[in-house]
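Tutor: Let's work through this one together, one question at a time. Take a look at the sequence and the model, then ask away.

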Amino acid sequence: MSARAAWRLASLGFKQVYRYRGGKADWLAYGLPVEGAEAGDPRAGDLARLDVPTCRLSDSIDQIQARLEGSGWDTCVVVNDEQVVLGLIRAEALDENSWRTAEEIMEPAPRTYRLSKSLDEVARYLDQQGTDSVLVTNPEGKLFGLLMRNDLEQARAELEKKRSSRQ
Amino acid sequence: MAEKVYEIDRDQVRSLMAKGAQLVEVLSSKAYNAIHLAGAKNIPLAGLNRETAAQLRRNQRVIVYCADDL
């Protein structure tokens with residue numbers, strides 16, 4: 001859409017026309033300044049928990065279990081050295097074959113959402129998938145955190161009150 | 001002179017805005033009113049014509065954007 005608008009302006013005689021390829025999604029994903037009725041509303045990145053445990057492809061089940069033990073987490077995110085998300089491991093996938101690696105037992109290419117996604121959109125996904133959490137990444141695919149359903153529902157309830165008071 | 005449009009990224013947007021570039025969101029007024037880049041004007045694509053473009057300064061840079069999978 002912005003390409004057509006840019007060329008329309010050029011056709012109207014504007015000589016210095018630029019098109020921002022990434023658009024609003026890119027701008028929001030980097031937390032840059034915005035305005036508007038929903039500018040202050042929380043988004044996926046605002047609610048994601050940042051302390052979710054991580055591991056590497058070559059880590060063993062033993063190592064992952066040790067990382068999860070006592071952490072309060074039942075999920076471990078498989079990332080590379082650049083923190084790009086490669087997979088997800090839930091506690092139930094940790095079996096007795098302690099020699100197996102994260103690469104062998106992980107759920108590959110898990111669904112991720114950008115920091116800028118609205119809470120309503122993420123909630124729809126969680127409902128459709130019947131899952132209680134989803135990964136949040138930046139536009140380069142690097143791990144930002146894990147968004148939990150409980151946190152999401154609480155924030156949505158508060159947001160609904162805020163929206164009602166706007167009307 | 002042939003018409004030309006320059007493709008730019010986020011950092012270039014910020015740099016040009018600091019130099020006085022005009023920023024235009026071409027989505028609907030509903031989308032604009034909900035949330036838009038700070039300092040942007042709204043001229044929806046469907047309503048972009050000679051009259052609505054008159055609010056823009058011709059001698060200054062114009063940056064347009066839409067949503068791109070928000």
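Student: In which sense do S2(B) and S4(B) pair?

Tutor: A quick note first: this is a predicted model, in which local features need pLDDT of at least 70 and side-chain atom pairs count only at pLDDT 80 or more, while totals for chains, interfaces and linings use all residues. Residues are numbered from 1 along each chain as its sequence is written, with chains lettered from A and ligands numbered from 1 in the order in which they are written. Strands (E, at least two residues) and helices (H or I, at least four) are DSSP runs numbered from the N terminus, and two strands pair if DSSP finds at least two bridges between them. S2(B) and S4(B) have two bridges, and their sense is parallel.

Student: Which residue of S4(B) stands opposite B:Val24?

Tutor: B:Val24 also has a place facing S5(B), where it stands opposite B:Val64. In S4(B), the residue opposite B:Val24 is B:Lys41.

Student: Which residues of S2(B) point the other way from B:Gln22 and B:Val24?

Tutor: In a regular strand the side chains alternate between the two faces of the sheet. All four residues here are buried, meaning that 20 or more other C-beta atoms, placed from the backbone, lie within 10 Å of a residue's own. Opposite in direction to B:Gln22 and B:Val24 are B:Leu23 and B:Glu25.

Student: What is the strand order of the open sheet?

Tutor: Four bridges join S2(B) to S5(B) in parallel, and three join S1(A) to S5(B), also in parallel. The five strands, with parallel pairing, have the order S1(B)-S1(A)-S5(B)-S2(B)-S4(B).

Student: Why is one side of S1(B) and of S4(B) left without a neighbour in the sheet?

Tutor: Both strands of chain B stand at the edges of the sheet.

Student: How many residues of chain A are in contact with chain B?

Tutor: Contact here means C-beta atoms, placed from the backbone, within 7 Å. Chain B brings 32 residues to this interface, and the number from chain A is 34.

Student: How many charged residues are on the side of chain B that touches chain A?

Tutor: Asp, Glu, Lys and Arg count as charged; Ala, Val, Leu, Ile, Met, Phe, Trp, Tyr, Cys and Pro as nonpolar; the others, Gly among them, as polar. That side has 20 nonpolar and two polar residues, and its charged residues number ten.

Methods:
Two residues are in contact if their C-beta atoms, placed from the backbone, lie within 7 Å. A residue is buried if 20 or more other C-beta atoms lie within 10 Å of its own, exposed if 12 or fewer, and partly exposed in between; C-beta atoms are placed from the backbone.
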